[in-house]
Amino acid sequence: MNMNEVLTGKLKGNYKAINWNQVDDEIDKATWHKLTEQFWLDTRVPVSNDLKDWRELDDDHQWLVGHVFGGLTLLDTLQSQDGMAALRNDTTTQHEIAVLNNIQFMESVHAKSYSTIFSTLNTPTEINEIFDWSDTEEYLQNKTKKIYTLYHDDGNPLKKKISSVFLETFLFYSGFFTPLWYLGHNKLTNVAEIIKLIIRDESVHGTYIGYKFQVAFNQLGENEQKELKDWMYNFLYDLYENEEKYTHLLYDGVGWTDKVLTFIRYNANKALMNLGQEPMFPDTAEDVNPVVMNGISTSTVNHDFFSEVGNGYRLGNVETMNDDDYKIGSWEDKHKNK
Ligand SMILES: [Fe+2]
Ligand SMILES: [Fe+2]
């Protein structure tokens, strides 16, 4: 099917039914399986079991938890309302549209899940204050508007993909630090369970969009590649400078700022890795606070993302991704051998 005709709404030939038995890009099918296997809903996690831990937190720490989740709500709202719709306009296969449909719905689940947490832990007055804050806070709005603007720039499909990966794999992590920190201390474990489910999804989203970016990027000429690379690193640094201010605003009150900055630089490098690029910062997994790494690694087992290609999916058999899952070259090699 000519995707251009479909995407522009100007059909010249016939409309074509999606055939999952004839897939142009095996990564589409593997990602669909992975994402549907790990489907979840916020309402199935017993957040109220965390009320005892919550009541033991002082005001500064309760403020932090509420507001990092306010920030995350805004970013997941952006992904669900604008992000996937923007990427849909640049798809190359029908199966890619199906995968983006799945991602779009899950972004709505993510955005909603913070409200489930708020309704359990916070008073209605606190909830209103958190949303007023998310809708007006300067640094949070800065990053959201930068990504939003690129999502609506149809002349730059690859910049849209870069923006999406930076959001998925980098910008979320100043917020994710807090629940992971508590999980590493065995506190707020049900709240953290929701966040881990979100992180598991974001890992696949960032990897998949990053892979689609690389396919298109590799078709560019040398000069275009260099130009885009320069833009990408500048944009990442621009986002990082804003993220530094956002992190100070959130974390200075509890004294965790330096630990969070290390964590976000580590994740900025991961975002570049998803895009097939070299790291920008010297920070590695060894530099990240071990309590947070401990939070990330609970229920994480060694896993090869696409090892189940062609096996048919097994419901409920899902694992969190690890660093090896980001080695996109090795997936391609594997598929070549099939
Ligand atoms: Fe999300
Ligand atoms: Fe996502």
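Leaving aside neighbours within four places in sequence, which residues is F166 in contact with? Select F166 and look: the partners are L171, L236, L239 and A271. Contact here means C-beta atoms, placed from the backbone, within 7 Å of each other.

**Before going on**

This is a predicted model, in which local features need pLDDT of at least 70, side-chain atom pairs count only at pLDDT 80 or more, and totals for chains, interfaces and linings use all residues. Residues are numbered from 1 along each chain as its sequence is written, while chains are lettered from A and ligands numbered from 1 in the order in which they are written.

**Whole chain**

Colour by secondary structure. You get 14 helices and zero strands. Helices are DSSP runs of H or I with at least four residues, strands are runs of E with at least two, and numbering starts at the N terminus. Of the 338 residues, 39% count as buried. Buried means 20 or more other C-beta atoms within 10 Å of the residue's own; exposed means 12 or fewer, and partly exposed lies in between. Take the contacts with a separation of 6 or more: 76% of them join residues 24 or more positions apart.

**The core**

Next, select I117, F166, F170, F177 and F263. Within the largest nonpolar core, which has 78 residues, these five touch the most other members. Such a core is a set of buried Ala, Val, Leu, Ile, Met, Phe, Trp, Tyr and Cys residues joined through C-beta atoms within 7 Å. Now show helix α10, residues 189–217: this helix gives the most to the core, with 12 residues. In soluble globular proteins, nonpolar side chains tend to be buried together.

**L171 in α8**

Move to L171, in helix α8. L171 has 28 other C-beta atoms within 10 Å, so it is buried. Leaving aside neighbours within four places, its contacts are L75, K143, F166, L239 and E243. Then pick N267. The two C-alpha atoms are 8.5 Å apart, across 96 residues of chain.

**α4 against α8**

Show α4 (residues 59–88) with α8 (residues 157–171). They pack at about 155°, axes 11 Å apart. Axes are lines fitted to C-alpha atoms, for helices over the stretch in contact, and angles run from 0 to 180 degrees between N-to-C directions. α4 is therefore roughly antiparallel to α8. The cut-offs are under 35 degrees for roughly parallel, over 145 for roughly antiparallel, 65 to 115 for roughly perpendicular, and oblique for the rest. The crossing is left-handed: the near helix is turned anticlockwise from the far one by less than a right angle, where clockwise would be right-handed.

From α4 come L75, Q79, G83, A86 and L87; from α8, K160, K161, S164, L167 and L171. This contact holds five nonpolar, three polar and two charged residues. Nonpolar covers Ala, Val, Leu, Ile, Met, Phe, Trp, Tyr, Cys and Pro; charged covers Asp, Glu, Lys and Arg; the others, Gly among them, are polar.

**α11 against α12**

The angle is about 155°, and the axes are 10 Å apart. So α11 is roughly antiparallel to α12. Their crossing is right-handed. Select L236, Y240, E243, E244, T247, H248 and Y251 in α11, which meet T257, V260, L261, I264 and A268 in α12. The tally is seven nonpolar, three polar and two charged.

**Last stop: T31**

Finish in α2 (residues 26–37), at T31. T31 is buried, because 27 other C-beta atoms lie within 10 Å. Beyond neighbours within four places, T31 is in contact with V99, V204 and Y208. The C-alpha atoms of T31 and V204 are separated by 7.5 Å, yet the residues are 173 apart along the chain.

Conventions: Contact = placed C-beta atoms within 7 Å.
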